[in-house]
Amino acid sequence: MATRTITASLETGFAVVNATERGHRFESDEPEDLGGHDIGPTPYELLLGALASCAIITVKMYCERKDWPLRNVTAKFTHERIRPGEGETLGEGGAGHTDRISSEIVIEGDFDDEAKKRLAQVARRCPVHRTIERGVTFVDDVLIVDVAD
């Protein structure tokens, strides 16, 4: 079983420093109009970046395995929150809205019709996409520590 861990800590305002077990560090934040300092991507932008990166890497790996002539691959992912009355039904559990993630993946190369069909399937089935699509089981442990002045 593959395990990945991110450790995050609050810096100033809403800025958060994220660190991976392998030593990578990056910041996330909220935009200024939401009270942040806009020094990094928002949590939803990080989620979209994970999906886009995974789709691109999956296509690249698949093409390398098949020895297919991939020239380039780009991805654009968009998150929308659809409120009731905007042409959508409520999300599961009646959450009051539906979250929708849309993607546009552009794969450039000299592919036959069968390869094009397979690449379209592969691009939509990257591991991060499948994880979100299947649903996630959260195991949350929230510790509250009293700090005396």
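Start at the turn between β2 and β3: four residues sit between the strands of this hairpin, and one to click on is G23, whose phi is positive, near 95°. Before going further, keep in mind that you're looking at a predicted model.

Now widen the selection to the strands themselves. Pick residues 16–20 for β2 and residues 25–28 for β3; the two pair in the antiparallel sense, with four bridges between them. Select A19 and you'll find R25 of β3 opposite. Then try V16, which stands opposite S28 in β3.

Next, step over to the other hairpin. β1 and β2 have five residues between them, and in that turn G13 has a positive phi of about 65°. β1 and β2 run antiparallel and are joined by five bridges.

What is the strand order in the open sheet of three strands? Reading across, it goes β1-β2-β3, with antiparallel pairing. The edges are β1 (6–10) and β3, each pairing on one side only. From one strand to the next, the twist averages 25°.

Time for the helices. Select residues 43–66 for α1 and residues 113–123 for α2: they pack at an angle of about 140°, and their axes are 9 Å apart. Are they roughly antiparallel or oblique to each other? Oblique, because roughly antiparallel would take an angle over 145 degrees. The crossing of α1 past α2 is right-handed. To see the contact, show A55, T58, V59, Y62 and C63 on the α1 side, with R118, L119, V122 and A123 on the α2 side. Colour the residues of this contact by class and you get seven nonpolar, one polar and one charged.

Show L47, A50, L51, C54 and T58 from α1, then P127, V128, H129 and I132 from α3, and you have the contact. By class, it holds seven nonpolar and two polar residues, and no charged ones. While you're there, click on T58: it belongs to the contact with α2 and to the contact with α3.

Last stop: select D110, in the loop between β5 (98–109) and α2. Is D110 buried or exposed? Its relative accessibility is 60%, so D110 counts as exposed, the cut-off being over 50%.

To finish, draw a distance from D110 to H97. These residues are 13 apart in sequence, and their C-alpha atoms are 41 Å apart in space.

Note on methods
Residues are numbered from 1 along each chain as its sequence is written. This is a predicted model: local features need pLDDT of at least 70, side-chain atom pairs count only at pLDDT 80 or more; totals for chains, interfaces and linings use all residues. Side-chain values use heavy atoms; hydrogens and water are left out. Two strands pair if DSSP finds at least two bridges between them. Axes are lines fitted to C-alpha atoms, for helices over the stretch in contact, and angles run from 0 to 180 degrees between N-to-C directions. Angles under 35 degrees count as roughly parallel, over 145 as roughly antiparallel, 65 to 115 as roughly perpendicular and the rest as oblique. A crossing is left-handed if the near helix is turned anticlockwise from the far one by less than a right angle, and right-handed if clockwise. Contact means heavy atoms within 4.5 Å. Ala, Val, Leu, Ile, Met, Phe, Trp, Tyr, Cys and Pro count as nonpolar, Asp, Glu, Lys and Arg as charged, and the others, Gly among them, as polar. Buried means under 20% relative accessible area, exposed over 50%, partly exposed in between (1.4 Å probe, protein chains only).
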